[in-house]
Amino acid sequence: MGDLDSSKYRFAMELEALVKQFPKIPRNLLIDALSTAGTVDGAVRLICSGGLSAAARPQPDPATLELPLTTTLSTTTATTEKTHPEPTPNSVHPRNIQTLITLTGKISSTDPHTIVYSFALQGTEPSAKDWVGLYIHNRQYSNKYSAYQHTTGGSTGEGQFSDLVDGYYDLRLFLNGEKDVPVCRSDPVLVGEAVDLRATLQGRNVIVSWDHSKSSSNPTRDWIGLFPVRTYSNKKYLSFAYCNDTGKVTLGPVPYGDAEHECRYFKATSGYCYSGKSKAFSVPNQDMILPSAEDITHGQNLQVHWRLTTVSPNKSDWVGVFPKGAPSTNYALCKYTTQGTLAPLGDSGLITFSGAETSKLLPGSYDLRFFAATNGTYALHMHASVNIKARAF
């Protein structure tokens with residue numbers, strides 16, 4: 001199947017998914033929404049936020065239009081209300097025909113380990129197959145719910161999830177038996193006390209501190225994980241450490257590169273449901289190549305210091321000495337980083353070109369170039385300059 005045919009097939013499948021969720025919205029409007037948003041999830045958000053253009057919306061029969069004058073626009077626990085004029089036979093406000101869906105969640109006033117929720121549907125047909133799922137906050141896949149309940153098939157409803165362990169959750173509403181794409185998601189809801197994490201970089205390690213008075217009743221079994229930001233699965237930590245009574249642990253090393261990371265706090269009985277996370281952080285670019293002196297005498301040792309923070313070190317990394325402006329194939333001297341001294345992590349070191357080697361170079365200006373080995377190829381990663389002066393007689 002060619003790329004064009006594959007694209008058409010995918011669009012058709014995504015359109016059918018929208019038709020299934022919104023059977024009362026004309027097909028041409030669903031096509032517009034999918035074309036504009038590019039994905040089913042984006043189209044659902046566009047439809048539920050009233051993002052279809054007024055010109056593209058159908059004009060309903062005012063005699064059958066039954067909408068409240070005050071319409072709740074929020075899809076989270078924070079609500080915003082706008083009042084529209086009552087529709088007349090000759091004038092229908094465009095806002096009054098949009099699809100509006102709300103889902104809110106909060107902690108029960110009588111039980112701190114129960115989340116109560118309410119939902120409202122407007123502009124779409126309710127079904128006995130509609131359901132609400134409870135998820136560890138930001139869980140990626142819709143089939144990974146912690147619990148779920150079917151609605152009664154009404155356009156409004158309430159429910160609750162009880163006996164929950166500490167941590168952040170969110171609620172998601174699915175229509176007409178849909179299993180993959182929710183039409184609405186609540187703000188995160190926290191069960192138990194939040195744990196405030198503070199992460200401080202020390203080189204490529206992270207010192208994490210917290211208020212241990214917020215820990216669980218078994219604090220030495222609480223744990224903290226290091227994650228790339230926007231990692232959905234809490235099982236995919238890069239490193240972790242169990243907590244202690246001091247309120248401070250060390251995690252790392254943080255991977256090479258400038259990607260952002262964060263730390264998340266998990267209480268002993270909460271499994272993979274976190275109760276707090278740090279602000280995002282990234283290792284600053286501290287890559288370096290530096291000669292021991294900007295000017296050396298012909299026949300003198302040339303020492304080159306180097307350090308990597310943005311790419312992983314490789315035993316095939318090398319440093320070359322080039323006449324100023326020469327192509328990267330015309331090195332005068334070269335050595336692998338492993339031919340010098342290395343730091344324990346192998347991401348910094350010192351290379352020495354002996355006086356016997358530098359005596360082969362003519363006096364003048366030279367480039368020091370560091371080539372990083374990545375995926376079987378070499379790339380010029382950083383460079384510096386050095387001058388070789390004639391020996392005085």
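**Rings, charges and a cysteine**

A: Tyr-117 counts as buried because its relative accessibility is 5%; buried means under 20% relative accessible area, exposed over 50%, and partly exposed in between, with a 1.4 Å probe and protein chains only. Bear in mind that this is a predicted model, where local features need pLDDT of at least 70, side-chain atom pairs count only at pLDDT 80 or more, and totals for chains, interfaces and linings use all residues. Residues are numbered from 1 along each chain as its sequence is written, and side-chain values use heavy atoms, with hydrogens and water left out.

Q: OK, how many aromatic pairs does the structure hold?
A: It holds 24 aromatic pairs. Rings of Phe, Tyr and Trp (its six-membered ring) pair if their centres lie within 6.5 Å; planes under 30 degrees apart count as stacked, over 60 as edge-to-face and the rest as tilted.

Q: Why is the pair of Tyr-117 and Phe-161 called stacked?
A: Their ring centres are 5.6 Å apart and the planes sit at 25°, so that pair is stacked. It links distant parts of the chain, with Tyr-117 in strand S4 (residues 115–122) and Phe-161 in strand S7 (residues 156–161), 44 residues apart. Strands (E, at least two residues) are DSSP runs, numbered from the N terminus.

Q: And Phe-161, buried or exposed?
A: Phe-161 is buried, at a relative accessible area of 5%.

Q: What about Tyr-168 and Tyr-274, what kind of pair is that?
A: A tilted one, because the centres are 5.7 Å apart and the planes are at 45°. Tyr-168 is in strand S8 (residues 167–174) and Tyr-274 in strand S17 (residues 274–277), 106 residues apart. Tyr-168 is partly exposed at 22% relative accessibility, whereas Tyr-274 is buried at 5%.

Q: Which residues do ring pairs link into a cluster?
A: Tyr-168 and Tyr-274 are in it, along with Trp-223, Phe-227, Tyr-237, Phe-240, Tyr-242, Phe-266 and Tyr-272.

Q: Switching to charges: what sits over the ring of Tyr-242?
A: The charged end of Arg-221, 4.2 Å from the ring centre. That label needs NZ of Lys or CZ of Arg within 6 Å of the ring centre and within 35 degrees of the ring normal. Arg-172 also lies over a ring face, that of Tyr-135, at 4.0 Å from the centre.

Q: Last one: where does Cys-243 lie?
A: In the loop between strand S14 (239–242) and strand S15 (248–251). Cys-243 is buried, at 6% relative accessible area. Beyond its neighbours within four places in sequence, its contacts (heavy atoms within 4.5 Å) include Trp-210, Trp-223 and Tyr-265.

Notes. Helix = DSSP H or I, 4+ residues; strand = E, 2+ residues; numbered from the N terminus.
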